[in-house]
Amino acid sequence: MLLVIGLGYWAYHQTILTQQAERRVERIQADIGAQRQRLSILRAEWAYLNRPDRLRELGYINFDRLGLLPLAPEQFGRATQIPYPQPPAVLVSDDLIIGSVALSEERIP
């Protein structure tokens with residue numbers, strides 16, 4: 001009889017914990033939905049604020065204050081003109097070279 005009462009209490013307690021977990025999941029899902037909606041609004045605002053015509057107008061209005069210069073063809077270059085850094089030189093010892101030659105000779109039938 002005590003075992004049945006104990007199991008009943010345990011089952012009731014598990015039901016309560018399950019209901020609490022379900023409510024927590026529902027709250028989290030509602031928060032996710034609200035954040036996704038906010039994100040879509042922010043993306044729309046970003047797209048609206050970054051319209052080329054608006055940015056062009058702001059550039060003209062603030063040209064002197066920002067110290068902007070008009071673009072000139074001389075300001076553009078080619079990718080081949082970029083001075084990329086050279087890879088560092090790798091020092092190889094004679095032992096390593098001899099070892100690699102010996103390995104390559106073993107593979108040749």
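I count a charge as sitting over a ring if NZ of Lys or CZ of Arg is within 6 Å of the ring centre and within 35 degrees of the ring normal. The charged end of Arg-51 meets this over the ring of Tyr-48, at 4.2 Å from its centre.

I note that this is a predicted model, where local features need pLDDT of at least 70, side-chain atom pairs count only at pLDDT 80 or more, and totals for chains, interfaces and linings use all residues. Residues are numbered from 1 along each chain as its sequence is written, and side-chain values use heavy atoms, with hydrogens and water left out.

Next I looked for salt bridges (a side-chain nitrogen of Lys or Arg within 4 Å of a carboxyl oxygen of Asp or Glu). I found one in the structure. Arg-51 makes it with Asp-53, and the closest N and O atoms are 3.4 Å apart.

Then I checked exposure (buried is under 20% relative accessible area, exposed over 50%, partly exposed in between; 1.4 Å probe, protein chains only). Arg-51 is partly exposed at 27%, and so is Asp-53 at 44%. Of the 109 residues of the protein chain, 1% are buried.

For the fold I used DSSP runs (helices: H or I, at least four residues; strands: E, at least two; numbered from the N terminus). I get four helices and zero strands, in the order α-α-α-α. Helix α1 covers residues 2-49 and includes Leu-2.

Which side of the cut-offs does Leu-2 fall on, buried or exposed? Leu-2 is exposed, because its relative accessible area is 73%.
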